[in-house]
Amino acid sequence: MRETTVNDAPPHDQAASAGSNARPVPFRGGGFAPQPRKGVGLVVFVALIALAEWGTRTGFITNLTLPRPSDVLITLGELWDSGLLMKHLQPSLTRLAVGAALGVAVGIWVGILIGLFSYVRAGLVPLVAALFPIPKIALLPLFVIWFGIDEGSKYALIAFGTFTPTVVATYGAVDNVDRGLIRMGQSFGLSWASIVRKIVLPGAMPGILSGLRVSLAIAIILLVAAEMLGAEYGIGAYILEAGSLYDLERLFAGVVILSLLGVIVSAVITRIEKRLLRWRG
Amino acid sequence: MELRLDGVSHAYGGTQVLRDITLTVPEGKIVCIVGPSGCGKSTLLRMMGGLERPDEGTITQLGEPPEGCLNPLTYVFQDFALLPWRSVEGNISLALEDHDLSKARRAAIIEDVLARTSLSDFARALPRQLSGGMKQRVAIARALAVNPAVMLLDEPLSALDAQTRVLLMDDLVSLWTRAPFTAVYVTHNLAEAVRLGHRIVVLSRRPGAIREVVEIDSDLGARGEGDAKLEQVQTHLWHLMRDEARAADAELADA
Ligand SMILES: Nc1ncnc2c1ncn2[C@@H]1O[C@H](COP(=O)(O)OP(=O)(O)OP(=O)(O)O)[C@@H](O)[C@H]1O
Ligand SMILES: [Mg+2]
């Protein structure tokens with residue numbers, strides 16, 4: 001290769017051609033490593049809301065298509081002042097907490113068992129695969145018969161809906177735990193329980209937590225679904241009522257509450273990740 | 001405590017990996033195992049520590065482990081095998097937590113092994129904050145903490161750069177001269193083998209069988225750079241290994 005380039009250029013103007021050919025090495029690195037950019041998310045939100053506000057004020061967007069954001073805000077304020085917000089939020093949060101806690105706890109347990117025992121894996125992986133794609137809402141009538149029309153069926157729906165994604169995320173995470181570390185634990189004579197508690201569980205924690213993000217988002221979706229099918233109070237009931245009256249301001253107020261709930265849950269998980277996964281740096 | 005292997009053979013699904021290994025690991029000595037890549041050194045070591053069962057043959061412990069020994073057969077792994085979520089002292093503590101020790105006793109052991117491996121200043125550091133050489137010193141400290149009867153080291157220095165390797169080798173020598181321990185030391189590196197081994201076992205290419213056993217009587221502490229006798233042994237080992245590696249290459253070409 002080098003010989004041909006030398007031969008191409010006549011000896012006497014080699015220096016000159018080297019001069020004219022000199023150019024910096026083009027940069028090809030960088031990217032593929034997202035950095036935290038503070039405030040960008042907020043700017044996107046604000047810009048979209050400002051656009052909607054401007055559109056509805058100028059009449060560019062009709063009142064039938066989209067409520068005016070400031071009106072939604074006013075509705076939210078009224079909701080707060082009348083004390084109705086807490087009346088709707090409190091049962092919703094209880095349902096979310098109880099249902100998700102049940103589903104996640106059982107899901108992590110089953111996921112770990114699937115990850116560790118061949119028979120459990122052989123027996124349950126196909127079952128989980130069969131349960132995963134079932135729209136859990138479709139089973140609500142069944143849950144009502146099994147667990148009663150009251151809170152029981154709502155807890156069960158949310159628990160069941162968070163269970164499957166948690167199981168899948170957990171056993172995948174357990175599969176990814178460094179086997180070398182497990183061998184190390186065995187070579188020091190650690191008990192089975194110690195290996196699970198001190199090696200498998202912390203090693204699987206990153207995967208379990210990212211599964212939790214998905215599970216909890218699903219939990220919020222199912223919460224609303226459950227409440228739409230029969231609840232006096234709850235965000236879902238509130239949205240359903242507003243929808244049936246075509247009261248867009250109240251409908252959107254409910255949607256805003258749900259979005260905020262999602263953002264808060266996600267922020268809480270980020271907090272937990274920061275704490276539990278500090279070792280990853 | 002001694003370790004004795006009697007006619008150990010093993011195959012992984014049709015592929016014979018080890019053939020009729022008979023070997024004694026005497027108390028207070030370091031036995032080095034060298035051999036071409038893939039000849040079954042790691043497999044043999046896993047069997048010695050009870051992490052794997054041989055198809056044929058027996059592995060026996062002779063005599064009692066020393067007083068206060070918590071884990072008679074203790075490994076030091078090539079990739080360190082430290083828990084990334086535990087600090088240096090937490091990693092050492094892991095090996096002690098399943099034993100019935102008082103808190104004070106545990107803390108004393110950790111302090112002692114950290115001092116012996118000059119890691120006292122890094123007790124609270126996380127593995128990712130440590131260099132490779134320091135990580136391996138943590139793993140050695142963890143192994144020392146359980147006061148093993150036999151240490152099983154699988155290429156403990158292979159993941160390290162040449163300078164760190166020399167330093168750690170010196171550390172191992174001084175640890176041994178201060179308190180002689182029994183060890184099986186698997187390595188690719190013949191310089192390590194002649195520096196640390198009282199007995200060097202050369203395995204043939206796969207299926208690994210004992211090709212030759214070389215004894216070196218000189219004191220570990222007295223072995224230094226440019227020792228003519230050691231150089232001679234190393235050259236001899238190198239010839240053996242080269243022949244095996246060549247033959248293994250030729251086999252691959254035929255296949
Ligand atoms: N769990 C296993 N299942 C199947 N084959 C295996 C297993 N472990 C090792 N082997 C095979 O057995 C042979 C010996 O492996 P081993 O790791 O013991 O060799 P080694 O001498 O330690 O090699 P190296 O010098 O590369 O570390 C290799 O051919 C390897 O592919
Ligand atoms: Mg090996």
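## Terms and model

Helices (H or I, at least four residues) and strands (E, at least two) are DSSP runs, numbered from the N terminus. This is a predicted model, in which local features need pLDDT of at least 70, side-chain atom pairs count only at pLDDT 80 or more, and totals for chains, interfaces and linings use all residues. Residues are numbered from 1 along each chain as its sequence is written, chains are lettered from A and ligands numbered from 1 in the order in which they are written, and side-chain values use heavy atoms, leaving out hydrogens and water.

## Helix α4 of chain A

Just after α4(A), A:G83 takes a positive phi of about 80 degrees. The buried residues (under 20% relative accessible area, 1.4 Å probe, protein chains only) of α4(A) are A:P69, A:V72, A:T75, A:L76 and A:L79. They lie on the same side of α4(A) because they cover an arc of only 115 degrees around the axis, taken from the directions from the helix axis to the C-beta atoms. On the other side of α4(A), A:L73, A:E78 and A:D81 are exposed, that is, over 50%.

## The sheet of chain B

In chain B, six strands form an open sheet with mixed pairing, in the order β5-β6-β7-β3-β8-β9. Two strands pair if DSSP finds at least two bridges between them. The edge strands are β5 (73-76) and β9 (210-215) of chain B, each pairing on one side only.

Strands β5(B) and β6 (residues 150-154) of chain B run parallel and are joined by four bridges. Opposite B:L152 in β6(B) stands B:Y75.
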